[in-house]
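Hello,

Here is the structure I promised to pass on to you. Please have a look at it first, and then read my notes below.

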Amino acid sequence: MQRPFPQGIEYLIEQFDTFAANRGASRRLPVMLLKRDPAQPGTIQASTGRTVILGYRERLCEEDPGRVVALVPYALIEDGDAAPRDVRPGEVPGAVVDRHIALLDAIVEQLEGTMPPGAGELRLPRFHTCRAVLDVQVGAGSTATKRRRLRDELYLQLLLRRPLLSTLARLAGATGGNFLVNIWLSLFQLLVVGLPRHVYGLWLSRRRSLRWVGSRRPQGANFLRMALTLTPSGTARGNHALIQRMLLMALLNDLSRAATPSRLWIYRVRRRWPFVLLLPEVGEEGTPVRQLLDTYADIVRTEPPAPLMVLGALKGEPPSYAQTVPADLRSVTGLADRVHSLYTRGSSSAVYVLPLSASDDDGPADRWVETNPMVTVQANGWGDYARAVAAPMVVFALVAGGLYFVERDTEPSPSCHKVSTGEIVGVTDGRECHLGVPGRDDELFALEAVAARQNHDAMTSGRPYRTVVFFAPLTAEPGDSTPVSIQSLRGALAAQNQVNGREGDVVQIRLLIANAGKYFAYGSQNGQDPDVAREIIDRKDRDKIAAVVGITQSRPSSFAAVGEISAAGIPVIGNSVTGSRMVDERAPSYYFQVSPSNDRIAEVMAEFAAYSEQIGELTTGKDGGRTAVMVYDPDDEFFSSDLQRKFTEHYKGGKVVTVPYYENRNGQIVSEVARDICTEIRTSGGYILYAGRSGEMPELFDALQASADCRKADGKPVAVFSESTAAKYMQDPQDMLKTHSVLKPFYVMLNNSTGTESPDSPYSEFTMRFRSVFKDGSVPEGNAAGAYDALRVASEVINSVYAQYKTPQNSSAPFQPADVYARLSNPGVQNFSGASGLLSLDSRHKYPPNKAVYVLESHMDKSVTTLMACGLLPDQPPGLNNPATWGRPGKTRPCPSA
């Protein structure tokens with residue numbers, strides 16, 4: 001390679017070497033074009049983009065005694081390869097070889113000639129078939145006659161490429177000494193020549209692997225029909241762009257098949273590399289190499305990825321379709337890191353321009369090239385034969401094992417455990433086992449499939465990864481309503497999709513799903529197995545767990561689970577968790593949450609209940625105010641009873657009367673609870689303040705609808721104001737309103753779930769991302785937004801730690817969950833723009849100060865109205881993102897601040 005090198009070139013070459021030796025998962029490798037700006041006046045650059053590409057060819061070979069052996073199949077093409085040449089054997093004498101055809105001939109000749117030893121012969125049947133068409137003289141006659149002549153000529157070309165068929169044809173052409181022998185030879189000829197030729201004609205006309213050629217023209221998807229127009233006398237023979245596109249598509253199709261032959265073939269494990277195409281000089285528009293690149297860039301926009309790695313150097317201005325990768329002045333490896341990202345996760349463009357440093361190398365690149373003179377490819381070995389033989393044996397063993405176990409009642413994997421309630425609890429990556437019961441937890445099954453797919457993409461991306469666990473109650477007993485945590489899991493999966501889709505050196509997130517069971521019963525040590533928190537801890541090192549998110553409930557059992565995980569040094573970021581005990585001085589040290597506490601929510605609820613016009617219109621003021629009929633669970637100290645106390649402390653709008661409604665029922669009859677509530681409403685003229693759990697809401701609402709005592713004399717519905725709303729009501733508010741006409745619900749949400757999208761709004765970004773992942777009509781409401789924020793906060797901190805530990809020698813950057821906790825504590829995240837508000841978390845703020853809280857109202861047309869929005873809002877410009885008041889113009893009130 002020409003010296004001195006451009007400064008930092010060794011980092012780029014290292015990335016090229018990595019993917020030239022192993023193309024990784026089946027994805028398109030974008031074209032990389034090098035461009036070096038001129039040096040300062042008075043200096044001369046010995047090394048250019050051209051010299052780098054020419055020198056890179058040397059890295060793809062090694063010298064054996066007396067010969068040069070290719071390590072990777074490659075072709076180096078310049079404009080001169082398109083010059084006229086002598087007619088080769090088998091070509092029509094006097095034919096003019098178009099420069100576009102000559103260029104592709106040169107590529108194929110070099111690729112076939114540089115196949116590494118032990119990797120087998122490169123077969124390109126589709127290319128050679130299409131190439132042969134261009135030289136076939138079909139003569140005069142009907143279209144059917146021309147097709148037969150074309151088929152026969154193409155079959156003759158096939159015989160040259162298939163020695164066995166050629167040998168049989170020669171045997172069939174022999175003549176015998178008597179009439180009987182000649183009859184048998186004629187039958188033999190029909191069998192080994194006539195029949196294969198006829199089948200070959202059908203293959204050409206109808207085989208899908210060549211029908212795309214026909215689809216390039218209006219005549220239809222028939223190869224022979226299209227091929228006739230490309231013969232020397234054909235109507236499309238002068239369409240050079242079409243011919244080049246056809247040949248290049250045929251070549252890419254063949255290369256794709258050549259790179260992944262049958263698993264029973266030894267060459268499959270020896271063809272990990274891509275085919276490399278080197279373009280030392282990509283000139284101005286109209287030059288042969290540039291036109292080839294234009295065609296290739298157009299093809300890869302719409303066609304499946306091909307295992308072709310194209311490296312080139314720009315001579316002039318870049319093509320309009322190329323994107324320039326900006327140089328990173330802060331890091332010598334920045335450009336190479338970006339190339340790694342483009343190779344591993346796919347890209348929006350097919351062609352990228354890489355600006356090389358104008359400064360010459362001062363030593364490091366030269367030393368690196370001397371110590372790393374060639375691409376390092378995996379050596380061939382006897383184990384390759386073992387793999388080819390082992391594959392059918394493994395298939396046989398799996399089939400036999402499946403037949404053996406098909407009659408057995410198989411139990412869940414050790415990671416998933418069936419418990420006495422019929423639920424399945426435990427931990428899964430979406431693929432290793434299932435947490436849902438068929439026919440009962442279909443939503444969970446669907447989300448496991450999303451997790452499995454996204455985790456596979458993360459693990460095969462080639463980028464570093466860390467695992468985050470979504471931990472929550474995801475199942476219930478038969479007849480119970482869908483847990484709110486299901487919607488939170490959707491939000492976490494949408495966040496994983498968003499994080500892993502970012503460009504740059506971003507740590508990929510692998511998401512494990514952990515189900516604690518109804519009421520978090522199996523979340524921690526509880527005197528009965530299993531202990532899901534312990535299972536998470538046991539997988540910490542094996543799965544590179546960096547954090548836990550979710551939780552979603554304030555309970556003694558969830559508190560204990562968080563404490564167990566915290567004691568193991570794993571940070572936990574909760575969402576939809578509001579109980580005061582979860583964040584007071586007794587809270588586990590490694591616990592944070594993106595949701596506010598009950599104190600903040602109760603203050604907002606008390607303000608709205610006391611002064612909103614909406615509730616005022618549905619209540620009758622008695623004893624100087626609006627009576628709140630508080631429905632709560634006295635035994636639920638962590639959530640319901642806590643909210644009841646906080647609301648009562650803040651409420652200035654009138655009296656608070658209480659009606660117990662137990663989650664565990666304790667012998668209660670729900671219809672009697674509904675009658676007690678309705679009696680209080682008729683007596684006081686007040687409204688219902690629902691402080692119970694969301695899972696218990698549907699049964700109570702049904703009972704209220706059925707109670708005659710809830711029909712008010714004035715015909716107005718009963719106002720119901722809730723903090724925790726049933727998941728199914730959030731997903732289908734129209735059904736809720738239709739089936740509960742005696743009620744008028746208002747509810748608290750921790751994001752502005754109106755569905756309204758606005759530019760540059762974090763909530764709008766979340767909504768679009770959510771709907772791109774889940775196309776089943778699921779509503780992106782506040783629980784999903786909270787989990788979306790929790791995982792994105794975890795990712796933000798993980799990337800900060802990764803940047804701190806990463807070195808040029810060690811891109812995997814080993815670090816522990818304790819490092820993530822330390823970073824989250826100090827400096828933490830400040831004014832993080834989340835879907836649920838502006839979030840600040842650190843050692844002093846275990847939950848966001850002045851968190852955004854909304855009061856919403858749903859309508860029969862499925863629209864949602866925001867009636868109150870207070871706190872640090874995510875979708876407003878600076879100065880308006882912390883409103884001082886709420887209410888309609890002329891009747892505003894101060895927002896509660898905390």
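**Cysteines, a sheet and cavities**

Cys130 is buried, with a relative accessible area of 0%. Buried here means under 20% relative accessible area, exposed over 50%, and partly exposed in between, with a 1.4 Å probe and protein chains only. Cys61 also counts as buried, at 12% relative accessibility.

Before the rest, a word on the basis of these notes. This is a predicted model, in which local features need pLDDT of at least 70 and side-chain atom pairs count only at pLDDT 80 or more, while totals for chains, interfaces and linings use all residues. Residues are numbered from 1 along each chain as its sequence is written, and side-chain values use heavy atoms, with hydrogens and water left out.

**Disulfides**

With a disulfide taken as a pair of cysteine sulfur atoms within 2.5 Å, the count comes to three. Numbered in sequence order, the bonded cysteines of the chain pair as 1-2, 3-4, 5-6.

Cys416 and Cys433 form one of these disulfides, with sulfur atoms 1.9 Å apart. Their link is right-handed, with 60 degrees about the S-S bond. The pair links distant parts of the chain, 17 residues apart: Cys416 is in strand 9 (residues 416-418), and Cys433 is in the loop between strand 10 (424-428) and helix 15 (442-459). Helices (H or I, at least four residues) and strands (E, at least two) are DSSP runs, numbered from the N terminus. Both Cys416 and Cys433 are buried.

In the disulfide of Cys678 and Cys710, the sulfur atoms are 1.7 Å apart. This link of Cys678 and Cys710 is left-handed, with -80 degrees about the S-S bond. Cys678 lies in helix 22 (residues 670-684) and Cys710 in the loop between helix 23 and strand 19 (718-722), so the pair ties together parts that are 32 residues apart in sequence. Cys678 counts as buried because its relative accessibility is 1%, and Cys710 is buried as well, with a relative accessible area of 4%.

Cys870 and Cys895 form a disulfide too, their sulfur atoms 1.9 Å apart. The torsion about their S-S bond is about -70 degrees, so the disulfide of Cys870 and Cys895 is left-handed. Since Cys870 lies in strand 24 (residues 864-870) and Cys895 in the segment after strand 26 (893-894), the pair ties together parts that are 25 residues apart in sequence. At 0% relative accessibility, Cys870 counts as buried; Cys895, with a relative accessible area of 13%, is buried also.

Six strands form an open sheet, in the order 4-5-6-1-8-7 and with parallel pairing. Its edge strands, each pairing on one side only, are strand 4 (74-76) and strand 7 (323-324). Two strands pair if DSSP finds at least two bridges between them. Strand 1 (residues 31-36) and strand 6 run parallel and are joined by three bridges. Leu34 has Ala313 in strand 6 as its bridge partner.

**Cavities**

On a 1 Å grid over the protein atoms alone, a cavity is a set of points where a 1.4 Å probe fits but cannot get out, and lining residues have an atom within 4 Å of a point. Grid points are joined across faces, edges and corners, and a volume is the space filled by probe spheres set on the points. The count comes to three cavities of 30 Å³ or more.

The largest cavity has a volume of about 100 Å³. What supplies its lining? Helix 3 (99-113), helix 10 (240-259), strand 5 (275-282), helix 11 (288-302) and strand 6 (308-314) each supply at least two residues of the lining of the largest cavity. The lining residues include Ile107, Leu251, Tyr296 and Val310. By class, the lining of this largest cavity has 12 nonpolar, no polar and no charged residues. Ala, Val, Leu, Ile, Met, Phe, Trp, Tyr, Cys and Pro count as nonpolar, Asp, Glu, Lys and Arg as charged, and the others, Gly among them, as polar.

The second largest cavity holds about 60 Å³ of space. Helix 23 (697-706), helix 24 (727-731) and strand 20 (743-749) each supply at least two residues of its lining, and strand 20 gives the most, with three residues. Among the residues lining the second largest cavity are Met697, Ser722, Thr725 and Phe746. By class, its lining has eight nonpolar, two polar and no charged residues.

Best wishes

Note on methods:
On a 1 Å grid over the protein atoms alone, a cavity is a set of points where a 1.4 Å probe fits but cannot get out, and a pocket is an open set with protein on both sides within 12 Å along at least five of seven lines; lining residues have an atom within 4 Å of a point.
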